[in-house]
Each structure stands twice: as C-alpha cells, then as structure tokens.
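Here is a short briefing on the structure below. The points are grouped by topic.

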Amino acid sequence: MASLQFGLSSSFASLPTASRFRRVSVRCSGDRQVLFNRIAPVYDNLNDLLSLGQHRVWKRMAISWTGAKEKDTVLDICCGSGDLTFLLSEKVGPTGKVIGVDFSKEQLNVASSRQNSRWRACYESIEFVEGDATDLPFSNCQFDAITMGYGLRNVVDKKKAMQEMFRVLKPGGKASILDFNKSTKPFVASFQEWMIDNVVVPVATGYGLAEEYEYLKNSIREFLTGKELEELAIQAGFSMASHYEFSGGLMGNLVVTR
Ligand SMILES: C/C(=C\Cc1cc(O)c2ccccc2c1O)CCC[C@H](C)CCC[C@H](C)CCCC(C)C
Ligand SMILES: C[S@@+](CC[C@H](N)C(=O)[O-])C[C@H]1O[C@@H](n2cnc3c(N)ncnc32)[C@H](O)[C@@H]1O
C-alpha cells in the first residue's frame, strides 16, 4: 500500500509566481522548496534528456556503494521523484524497509504516483515522508544505509545535513552521496559550466524553467570539492570518507561509513 506522510507545510507554495524568484539568486531553503515544486512535473523527463539516460547509471553506482542488502532498513534523503528510493527497494526486497524523505510536496506526489502506477512486491516496502534533511524525523541509529542523490548541494546547511545522516545511521552503516562534482581542474569546471549554459538552460527554457536550471551553475560553484566533502564528513563523526569522481569528473560520489 503506497504511503505518503505530510509533516511540514510550504509557506512559500502559495506565493504568486512573480515573487517566487529573483534571477538565479536562490538562497534560502524556502526558495529552494518552491524551485523543486515547480520543476517536479518535468524533472524526470529532463534528467533523461539532459544526461542522455546516464543518470540512471550514476544512480545504480550510488546504490552499489551503500552495501544495502535484503531485509535492510534504508533511507533515501532528498528523494525527489524517487529514482534512488525505487532502486534501494529492489536491493532490500519486500522484507526490507525503505523510506524516501523530501521537503517538496510536488516531488513526493510524483514519487507516490510512480509507486502506485508500477506494481512490484518490493515497492510495497516504500514509504514517502515529507521532512527536512537538516532535521530528519527519525530516531538515532535507525538505518543500515542511506542514499542522497543530487541533494546535499541543494541543502543550505550542509554541515547539519551531514550530522543528521550520522545520527540516524547505525554504527557500521554507509551513506552514499551522489552529486555534481565541483572539480578542481579548470578544464572540467569550464566544460561543466559550458554544458549548463549551452545545453541545460536552453533545453529547460523550452519548458519555461530557465531560471530554475540557471540555479544549477551557482549551486555547483558554491558546493564543496571532493576533499572538502570528505573533511565535512569526518568532522560530522564518520570514521571513513572517500570521494570518487566519474564521467570525466562531471559527477562525484561521497561514500561515508559511521
Ligand atoms: C542528473 C541531472 C540533473 C539533476 C539535477 C540536480 C539538481 O540539483 C537540480 C537543481 C535544479 C534544477 C534541476 C536539477 C537537476 O535536474 C542531469 C545532469 C545532466 C548534466 C548537466 C549533463 C550531463 C552530460 C552528459 C550526457 C554526460 C556525458 C558524460 C561523458 C562521459 C563526458
Ligand atoms: C535535484 S533533486 C534530486 C532528487 C533525487 N534524489 C534524484 O536523484 O533524482 C533534489 C531534491 O532535494 C530536495 N531537497 C533540497 N533541500 C532539501 C532539504 N533541506 N530537505 C529535504 N529535501 C530537500 C528537493 O526538494 C529535491 O526533491
């Protein structure tokens, strides 16, 4: 039975469109919540189109790094429309438990309707919950593994999000954090920005979402490098942290062990 719990309310969702955005300057958490609500109806299609389907490969890699197995209880933070949540449920099976958490009601609605529209025994073990990555509505040491795909970069308080991941993971549990890589190589960083300016934004403009996708470039500029992410994880208490770059350095995955 599909399940969707709503714990928070978006005080920004009812604002008129004109007051929701100022060009590319998406700074506070409420603005980001509005942004992800707005892109929800086209988010999955655009990911397939812009990455030429590659994001599915990156997500499978992220899942394999969690070490999740049958019967585990696992969490997908910033689950959005649920790609990683569904993949996790295939790993833990119908006897496991999977929770997808996100603060965008519209993304959760897409995730929930995907859960209802394609039945698989393992999808019965999924629960979607509305909540904030910096204040997770779960008790300490509850999860065997965690995923977070393209989430951490969008969270305003990244240190708090990392501390929350540490708190809810069981000792020995792993979190796998997939995102754009903030490369230290000037050529890679320039190519990434070129792709966003010349491919991503023009395509998104066709969907009336130019500003929402322009935000990507600044969010990567303001993100942490692989080394800085490893340091943040160690400061949050994790015993091991390794960051891997792939797809020519465009993408990265941080793997941390509690
Ligand atoms: C996975 C993709 C986007 C996720 C995504 C993440 C965000 O934080 C957003 C924030 C605001 C709006 C939208 C998003 C969002 O969609 C798609 C990524 C596509 C890449 C920009 C382009 C990838 C190019 C390639 C096809 C890879 C080529 C690899 C080659 C080996 C060099
Ligand atoms: C780019 S999407 C990624 C969705 C999905 N994980 C994927 O890989 O396709 C980022 C998601 O993070 C969510 N998000 C951003 N900040 C958040 C926060 N502080 N708490 C909960 N969710 C958040 C957004 O609502 C959005 O659904």
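Sorted by class, the shell around ligand 2 holds 8 nonpolar, 6 polar and 3 charged residues. The model is predicted.

**Ligand 2: shell and contacts**

- Ligand 2 is surrounded by 17 residues. The closest are Tyr43, Cys78, Asp102, Ala133 and Gly149.
- Asp102 places a polar side-chain atom 2.6 Å from an oxygen atom of ligand 2.
- Tyr43 also uses its side chain: a polar atom there lies 2.9 Å from an oxygen atom of ligand 2.
- Ala133 contributes through its backbone. An N or O atom of the Ala133 backbone is 2.9 Å from a nitrogen atom of ligand 2.
- On its own, ligand 2 has 590 Å² of accessible area, and the protein covers 98% of that area.

**Ligand 1: shell**

- Around ligand 1 there are 18 residues. Tyr43, Asn47, Arg153, Asn154 and Tyr213 are the closest.
- The class make-up of the ligand 1 shell is 12 nonpolar, 4 polar and 2 charged residues.
- Three helices each supply at least two residues of this shell: H2 (29-51), H7 (186-205) and H8 (210-221).
- Which helix gives the most to the shell around ligand 1? H2 does, with 7 residues.

- The side chain of Arg153 has an N or O atom 2.6 Å from an oxygen atom of ligand 1.
- For Asn154, a side-chain N or O atom is 3.0 Å from an oxygen atom of ligand 1.
- Asn47 brings a polar side-chain atom to 3.1 Å from an oxygen atom of ligand 1.
- Ligand 1 on its own has 790 Å² of accessible area, of which the protein covers 84%.

**Thr225 in its loop**

- Thr225 sits in the loop between H8 and helix H9 (226-235).
- Is Thr225 buried or exposed? The relative accessible area of Thr225 is 13%, and the cut-off for buried is under 20%, so Thr225 is buried.
- Leaving out residues up to four places away in sequence, Thr225 touches Lys182 and Thr184.

Terms used:
Residues numbered from 1 in each chain as written. Chains lettered and ligands numbered in written order. Predicted model: local features only at pLDDT ≥ 70, side-chain atom pairs only at ≥ 80, totals over all residues. Heavy atoms only, no water. Near = heavy atom within 4 Å. Polar contact = N/O pair within 3.5 Å; in protein donor to acceptor, adjacent residues only side chain to side chain. Areas by Shrake-Rupley, 256 points an atom, 1.4 Å probe, with all protein chains shown as cover. Helix = DSSP H or I, 4+ residues; strand = E, 2+ residues; numbered from the N terminus. Nonpolar A, V, L, I, M, F, W, Y, C, P; charged D, E, K, R; others polar. Buried < 20%, exposed > 50% of the residue type's maximum accessible area, 1.4 Å probe, protein only. Contact = heavy atoms within 4.5 Å.
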